[in-house]
Structures are given as structure tokens and as C-alpha cells.
Amino acid sequence: MCFLRILVLAALGLILPALPAVAQPSHLARLLDEVAPGELVEGADAYGALRDDMPVAPVLEDGERIAWAFVTSDFVSTTGYSGKPIHVMAAVDDAARVTGVALVEHSEPIVLIGIPEAEMAALTADYAGLDLVAEAETGGEAHDLEIISGATVTIMVIDDSIVRAGLKVARRLELGGLRPKTETGPQFEIDPAAPSPEDWMQAEGDGTIRRLTLDAGQVNAAFEALGDPRAAERPVGESPEETFIDMHAALVSVPAVGEALLGAREYANLRDWLAEGEHAILVAGRGLYSFKGSGYVRGGIFDRIVLVQDELSVRFRDRGHRRLGEIALPGAPAFAELDIFKIPADAGFDPAEPWRLQLLVQREVAALERLFVTFDLGYRLPETYLAPIAAPSEAALAKADTGESAAQAELWKRIWRDKTPEIVALAVMLLVLTGAFFFQNQLTRSARAVDWFRLGFLAVTLVFLGWYANAQLSVVNLMALAGALASGFSWQAFLLDPLTFILWFSVAAALIFWGRGAYCGWLCPFGALQELTNRIARALRVPQVTLPWGLHERLWPLKYMIFLGLFAVTLVSIETAEALAEVEPFKTAIVLKFARAWPFVLYALILVGIGLFVERFYCRYLCPLGAALAIPARLRMFDWLKRYGECGSPCQTCSRECPVQAIHPEGHINPNECVNCMHCQVLYHSETKCPVVIRQLKRREKASAGAATLDRAIQNHPNQKKGKVHV
């Protein structure tokens with residue numbers, strides 16, 4: 001991406017820094033008139049004056065306040081795929097329940113010119129009724145996330161912003177019993193000189209170690225309370241008093257606690273294992289139920305426990321886990337399970353604040369169905385281990401500022417985790433394609449192998465990369481990059497879409513080695529759609545049109561003119577440029593799979609239809625993305641396409657058979673138009689089409705025939721029998 005950034009800056013003449021920065025107005029004051037009070041709270045008829053201490057406004061009914069209105073972008077980052085904030089207005093009542101939500105303003109290209117605005121607005125409005133108290137208790141996981149195909153990134157940003165902004169408002173206003181978090185950091189910090197407990201009894205007594213004990217009767221009663229008779233039919237334990245689980249937890253990254261429970265040597269190992277800002281907890285358990293289970297062996301995630309602190313939730317993975325042999329503290333009982341779990345530095349965990357370890361208990365009620373109940377082990381580090389902070393320091397303020405960055409980082413990391421299968425599949429595709437390019441000399445010796453490989457790869461590109469994963473690059477991506485460079489570059493917006501991010505990285509690398517053809521010819525879903533449909537048309541004997549070279553050469557500049565025109569509009573209004581970028585049919589044909597208003601569908605079908613007669617018509621003459629990639633294509637460092645001295649004069653085979661007419665009549669390959677289909681390389685090795693190869697074969701055959709004739713002459717010479725033949 002850094003390389004791509006440099007290329008774009010160079011291509012655009014280094015003028016982006018001169019663009020004006022985006023202003024940051026008071027969002028609620030600016031947008032309050034855009035949403036009627038009744039849209040946020042049923043029966044509301046007016047808004048009150050904005051508070052001086054925070055950007056919220058009372059929602060009134062007959063002069064009485066019934067809720068508080070706010071805009072999410074005033075409290076948390078709501079940067080979407082466009083690189084600009086998504087402004088969502090919401091209202092929350094005294095019970096910390098969201099009463100209404102409205103999507104007010106955004107610049108998301110997929111919504112502007114792809115997903116119907118009404119569909120996005122309806123999905124956003126469905127957040128009415130969200131219980132923020134439940135969200136605080138579960139770390140923001142008390143609701144189901146509904147995704148619209150093609151707008152995954154936008155939806156996840158909206159979801160994250162509503163939950164986190166709502167919690168901030170509810171805490172600061174103390175709604176629903178929620179209490180405010182200190183905005184400038186903790187009031188206490190870990191005291192490295194605190195004394196350690198002397199034995200297990202003291203550690204349990206002062207709260208250094210916290211305990212959750214459940215017997216079989218309590219667990220069975222919890223499942224019966226679910227109201228599902230199937231759960232009651234499968235009680236656990238031989239008697240109600242039998243220990244179901246006896247679980248203990250302690251924060252062993254605190255020096256005094258860690259040294260006491262782990263011992264000096266094991267605690268030193270723990271310190272070496274933990275990086276700056278990371279923490280660790282010790283969890284010990286015994287009884288019928290394992291807090292680890294066995295699911296982590298398959299998936300790498302411990303799904304039975306989760307650490308919750310306010311809206312923060314931390315799930316533990318196998319790579320952040322260690323087993324412990326024994327507890328060093330005198331008087332400690334024996335446990336069946338002793339494990340240490342790491343809390344990542346970017347999780348935003350505050351060791352001085354209360355937290356809880358939530359235990360998930362599951363019970364199978366059918367072959368593929370389970371029911372769940374949860375129990376909490378609450379923990380608060382005793383004040384013995386804390387030192388008060390007299391006043392907020394600059395470091396504390398900096399920590400508070402990084403809290404939002406950590407939340408943003410957690411969002412894109414969550415998206416990447418959810419997209420792991422697609423990321424792995426894309427990595428395999430890129431690896432296979434890279435191997436094919438590096439070993440193309442061997443691959444292209446078989447025309448059949450190249451043909452089947454290309455058809456298969458393009459089919460995967462269209463179906464998986466395009467229609468399934470919606471990983472279609474667009475000139476809109478470059479516009480978003482231009483806007484980000486102009487208003488303060490941030491990786492956040494680009495990391496929200498992992499497949500697009502990886503593809504752009506691969507494109508930047510490919511430009512160095514092979515030019516634009518690596519993407520345009522192999523990884524572009526719409527390009528794959530054009531070529532595959534053209535193959536079908538050829539099989540059905542649809543006549544193909546070859547444009548005269550003079551006309552073909554004069555149509556090439558069209559795509560460059562379109563790209564430069566879009567960029568010129570970007571300097572004035574990125575939103576207008578994004579709307580004009582509908583010249584690309586990608587969203588209609590790939591992202592939305594033709595499920596769109598008829599003018600867009602008709603336009604896309606016309607382009608695909610022309611492509612049945614003129615292969616890759618859109619790629620050749622209209623694609624602004626192809627033009628943008630072609631500009632730096634000449635910077636490639638290697639020339640992989642082999643040519644003979646006779647190519648173009650007198651032989652015209654390659655120029656006549658090039659699918660996109662990228663080879664000039666004189667034999668020169670135009671790297672700006674080449675899609676690296678390898679067809680010319682197949683011809684380079686062809687023993688039936690390439691005159692140079694045919695001539696070489698004939699020379700070899702003639703030489704072999706001459707040698708055979710001479711050998712026969714020697715064998716038949718009359719002196720051969722006497723051994724007197726001399727050559």
C-alpha cells in the first residue's frame with residue numbers, strides 16, 4: 001500500500017497535499033434539524049437546548065424530557081470505507097435503552113451508488129430497543145449483527161459506533177444504573193512495592209484471589225429456568241450437592257500477586273512472556289466441568305470463558321495461553337486445571353478497574369443443538385496493590401486518547417478474524433498465480449494446460465472473489481485514498497476491508513514485476529466475467545469483431561480521459577466523483593449480482609453484451625481503474641514476455657491472435673494494454689503456429705535426416721565388412 005501511495009502521488013503530480021482539509025463541525029448541533037424528534041422517540045415533539053458539558057440534547061414530550069439525543073460521531077470514531085465519518089443520530093432513555101436510530105449523513109460509496117438508501121436506513125432503525133445495560137454486561141455482544149451483502153464494512157462500523165457511543169452517553173449521564181468511566185485514565189495505578197500475601201487463606205480473605213463455586217443443583221436449576229423442558233431432562237451430577245465447578249481467578253501480572261502465586265522463577269518467565277502493556281490472569285478450576293473444554297484444540301479459542309470489563313470483552317486464544325504446574329503460595333489446594341491467560345495490550349484492559357470472568361455452561365439438548373447459561377466471577381484488585389494518582393498526568397491523558405484508537409483497532413481486527421477463511425483462500429490464489437507467472441516458461445509449453453488453468457482461475461475469481469467475497473477493486477478506492485491523503489492519512493478505513501486491502505498490496509507488488517496485467521487479466525471479477533462470457537459466445541459460434549488497428553489505437557485513450565475526468569471532479573467534490581464512478585459496472589454486475597434498478601442493470605448488460613463480440617471491450621476502452629493502473633505500469637522492473645527478432649516483421653501471428661490487441665503490428669507489446677493472458681507465450685513455444693519454431697524444427701529434422709543418410713552410407717559401403725572405410 002505504501003508503494004501504491006507513492007505511485008498515486010507521482011501520477012497525480014504531487015498536488016494532493018494542497019487540497020483543503022475536511023472541516024469538523026459540531027455534529028449534533030449541525031444535524032439536529034435533520035431528524036424529527038418523533039423519529040427517535042415515539043410521541044416526542046421537540047428538542048431541548050444542547051448541554052454545555054457534552055454534545056447531547058434532551059428529547060421532549062409536552063415539555064418533559066423523555067430521552068437524550070446524540071450523534072455517534074461526537075463520541076467515537078465512525079470512519080467508514082469512504083474514509084469519512086458515518087453520522088448516526090440516536091436517542092437513549094433513562095433505562096439506558098435506545099429508543100430510536102436514524103442514519104443521517106454519510107459518504108459510503110456502496111450506499112451512495114450501490115445498496116438502496118432505504119435498506120440501509122431500515123437496518124439502522126432496527127437498533128431501536130437496544131439494551132445498553134446488557135451490552136455493557138456482555139462487552140457489546142448482547143445483540144445479533146445483521147449484515148447486508150456488499151456493505152459488510154459499513155454495517156460493522158455503524159454497529160460498533162451505536163453500541164460504543166451509546167454506552168459512553170449512558171455512562172456519563174448515569175442512565176440505567178451505569179456509572180461513568182474516568183475519561184482521563186484510572187484513579188489508581190499498580191503499586192510495584194505492595195506486599196505479597198503470605199498464604200492461600202490470606203489471599204482469599206483479602207480478595208487477591210476470587211472464587212466462583214457452583215454445585216450441580218444450582219446449574220440444573222439455571223437450565224430449568226430457561227423454560228425448555230429438554231434442558232431439565234438432562235441434569236448433571238449424581239447429587240445436587242456435588243461440585244460442578246470450583247473456579248478461582250487472580251491478576252498475576254501484578255508483581256506482588258504474581259510472585260506469591262507463581263513463585264519467583266515462574267513469575268520471571270511470565271514477565272518475559274508479556275509485552276509492554278499486556279496483563280495476565282491465573283484461572284484454577286476443579287469439579288465436573290472444565291472451564292477450558294476441548295473446543296480450543298480445534299479452533300484455537302477458549303469459548304467457555306470471557307473476560308468482561310464495561311463494554312470491553314476479551315476472548316482468550318491458545319497462543320495467549322500457558323499451563324501452570326502448581327501454585328507456589330503455601331496452603332493452596334490441588335486443582336485439576338491451572339492455566340494462565342494473556343490479555344493483549346490493545347484490548348484496552350484497565351487492571352485498576354473491576355472486571356469479571358464470565359463462565360459459559362452448555363448443555364446438549366439435541367444432536368446439533370445446545371442451550372447455554374452464564375455465571376460470573378467478579379474481580380476487583382484490592383487497594384493494597386494500588387497507589388492513588390493525585391491528578392491526571394499527561395501520560396494519563398495520552399492513554400485516554402489512545403482508548404479510541406484501541407477500539408478502532410479492535411474493530412478492524414474483529415473483521416479480519418471473521419474473514420479468516422476468505423483471507424486464506426485469497427492468499428492461496430495469489431500464491432498460485434505468482435507461481436504461474438514465475439514459471440510461465442514451463443507452463444506455456446502446453447497450450448491445453450494454459451487454457452484450462454486460465455479458465456479455472458478466472459472462474460474462481462468471478463465466483464469466489466467477486467460474487468461471494470465482493471472483493472472487486474474500483475477507482476472509488478483510489479478516490480478514497482486521495483481523500484485520505486488530503487485530509488490526514490489513516491490506515492483505519494483501508495484495514496476495514498481485508499480482502500481489498502490485500503488485493504491492493506498485491507497490485508502494488510505486481511506493478512513492479514508484471515505491470516497492470518496481473519490484476520486486470522487474472523484477479524478482476526468483472527474482467528473474468530467478460531472473458532468467460534466471450535468464451536461461451538465463441539463456443540456458440542457468435543461472430544467475433546476485430547477492430548481495425550487505427551480505430552483500436554484511437555479508442556485506447558478513452559479510459560485515460562475518463563479517469564482524469566473523475567480525478568478532476570474529485571478535487572471539487574469526492575461525493576460527486578463517486579457518483580460519476582458509476583461508469584464502472586462493477587457494483588451492479590459483481591457486488592449486487594445484477595439485483596438493482598433497471599437502468600444500472602441495462603448498462604452492465606450492454607457492456608457484457610458488447611463483450612460477446614469484442615473480447616474485453618470494457619477493459620480495453622472504458623475502464624478508469626485499468627487506466628489508473630496502466631499509468632505506473634511502465635515502472636515495472638522486469639520484462640517476462642519473450643519475443644523473437646522476427647516478431648512483427650515478417651510474422652504477425654501474435655498481433656493477430658492477441659485477445660485484447662495489445663501487440664502492435666511491428667511486434668511491440670504495449671504494457672499499458674497487456675493483460676498477461678500468456679497467449680503470446682504459448683505461441684512463442686508453438687510447433688504449429690510460430691514460424692521461428694517451425695523453421696528451427698525443420699532445420700533439426702533436416703540435420704537429423706542428413707546424419708541418418710550418412711550413417712546408412714557408411715553401413716552399406718563395400719569396405720565396411722573389411723573394416724577399411726575411412727571418413
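## Ground rules

Helices (H or I, at least four residues) and strands (E, at least two) are DSSP runs here, numbered from the N terminus. What you're looking at is a predicted model, where local features need pLDDT of at least 70 and side-chain atom pairs count only at pLDDT 80 or more, while totals for chains, interfaces and linings use all residues. Residues are numbered from 1 along each chain as its sequence is written, and side-chain values use heavy atoms, with hydrogens and water left out.

## Two positive phi values

Glu 174 has phi near 55°, a positive value in a residue other than glycine. Glu 174 sits in the loop between helix H7 (152-172) and strand E6 (188-190). At 45% relative accessibility, Glu 174 counts as partly exposed; the cut-offs are under 20% relative accessible area for buried, over 50% for exposed, and partly exposed in between (1.4 Å probe, protein chains only).

Gln 661 isn't a glycine either, yet its phi is positive at about 55°. Gln 661 belongs to the loop between H30 and H31, and with a relative accessible area of 9% it is buried.

## Salt bridges

Count a salt bridge whenever a side-chain nitrogen of Lys or Arg is within 4 Å of a carboxyl oxygen of Asp or Glu, and you end up with 18 salt bridges. One of them pairs Lys 342 with Glu 278, with the closest N and O atoms 3.7 Å apart. That pair ties together distant parts of the chain, 64 residues apart: Lys 342 is in strand E13 (residues 337-343), and Glu 278 is in the loop between helix H12 (264-273) and strand E9 (279-286). Lys 342 is buried at 18% relative accessible area, and Glu 278 is buried with 18% too.

Strand E13 also holds Asp 339, whose partner Lys 292 is in the loop between E9 and helix H13 (295-299), 47 residues apart. Glu 673 is in the loop between helix H30 (653-657) and helix H31 (679-685), while Arg 516 is in the loop between helix H20 (498-513) and helix H21 (517-523), 157 residues apart. Both of these are buried as well.

## Surface patches

Patches are built from residues with over 30% relative accessible area and no salt bridge, joining like charges within 9 Å and nonpolar side chains (Val, Leu, Ile, Met, Phe, Trp, Tyr) within 5 Å. A negative patch on the surface gathers Asp 45, Glu 61, Asp 62 and Glu 64. Glu 64 is in strand E3 (residues 64-71) and is exposed, with a relative accessible area of 55%.

Val 424, Val 428 and Val 432 make a nonpolar surface patch, with about 230 Å² of accessible area together, from the Shrake-Rupley method with a 1.4 Å probe. Val 428 is in helix H15 (residues 420-438) and, at 45% relative accessibility, is partly exposed.

## Cysteines without disulfides

With a disulfide taken as a pair of cysteine sulfur atoms within 2.5 Å, the count comes to zero. For Cys 651, the closest cysteine sulfur is in Cys 690, 5.9 Å away and too far for a bond. Cys 680 has its closest cysteine sulfur in Cys 654, at 5.8 Å, again too far for a bond. Cys 651 is buried at 17% relative accessible area, and Cys 680 is buried at 11%.

Conventions. Lys, Arg positive; Asp, Glu negative; His and termini not counted. Charge placed at Lys NZ, Arg CZ, Asp CG, Glu CD.
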